[in-house]
Amino acid sequence: MVKGESVPHGILRGEPDWIQDDETPDCPSCATHMAFAAELEEDYDFATGANFGGGGRGYVFTCQPCGEAAFLWQR
Ligand SMILES: [Zn+2]
């Protein structure tokens with residue numbers, strides 16, 4: 001389990017530590033930038049046991065008013 005205190009910038013409601021460029025997604029419902037929710041290391045067993053393909057990092061974004069969530073990753 002990734003905890004906020006385990007990463008330099010914090011993980012909940014902080015700023016994503018992008019490996020590549022900022023890819024903050026837009027909400028599919030209201031088209032505004034989604035809020036950063038969590039950052040996941042590759043070995044984190046995220047629900048389905050995701051593997052990001054070698055050294056990647058996952059990012060979770062949400063839009064609370066719409067109940068939307070998005071997951072993306074970089075490597
Ligand atoms: Zn929305």
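**View A. Glu39 and its surroundings in the predicted model.** Glu39 counts as buried because 23 C-beta neighbours lie inside 10 Å; a residue is termed buried if 20 or more other C-beta atoms lie within 10 Å of its own, exposed if 12 or fewer, and partly exposed in between, with C-beta atoms placed from the backbone. Glu39 belongs to strand β1, residues 35–41. Strands (E, at least two residues) and helices (H or I, at least four) are DSSP runs numbered from the N terminus. Asp17 lies 22 residues from Glu39 in sequence, with a C-alpha to C-alpha distance of 8.0 Å. The model is predicted: local features need pLDDT of at least 70 and side-chain atom pairs count only at pLDDT 80 or more, while totals for chains, interfaces and linings use all residues. Residues are numbered from 1 along each chain as its sequence is written.

**View B. The open sheet.** The protein has 3 strands and 0 helices, and its elements run β-β-β from the N terminus on. The 3 strands form an open antiparallel sheet in the order β1-β2-β3; two strands pair if DSSP finds at least two bridges between them. Strands β1 and β3 (68–74) stand at the edges with a single partner strand each, so one side of each is left without a neighbour in the sheet. From one strand to the next, the twist averages 20°, where axes are lines fitted to C-alpha atoms, for helices over the stretch in contact, and angles run from 0 to 180 degrees between N-to-C directions. Strand β1 is joined to the antiparallel strand β2 (residues 57–63) by 6 bridges.

**View C. Phe61 in strand β2.** Phe61 of β2 is the bridge partner of Phe36. Beyond its neighbours within four places in sequence, Phe61 is in contact with Thr24, Pro25, Met34, Ala35, Phe36, Ala37, Ala69 and Ala70; contact requires C-beta atoms, placed from the backbone, within 7 Å. Phe61 also belongs to the largest nonpolar core, whose 5 residues include Cys27, Met34, Tyr59 and Cys63. Such a core is a set of buried Ala, Val, Leu, Ile, Met, Phe, Trp, Tyr and Cys residues joined through C-beta atoms within 7 Å. Across the protein, 11% of the 75 residues count as buried.

**View D. Ala31 before strand β1.** Ala31 is found in the segment before β1. Its phi is positive, about 65°, although Ala31 is not a glycine. Ala31 is exposed because 9 other C-beta atoms lie within 10 Å.

Definitions and conventions. Two residues are in contact if their C-beta atoms, placed from the backbone, lie within 7 Å.
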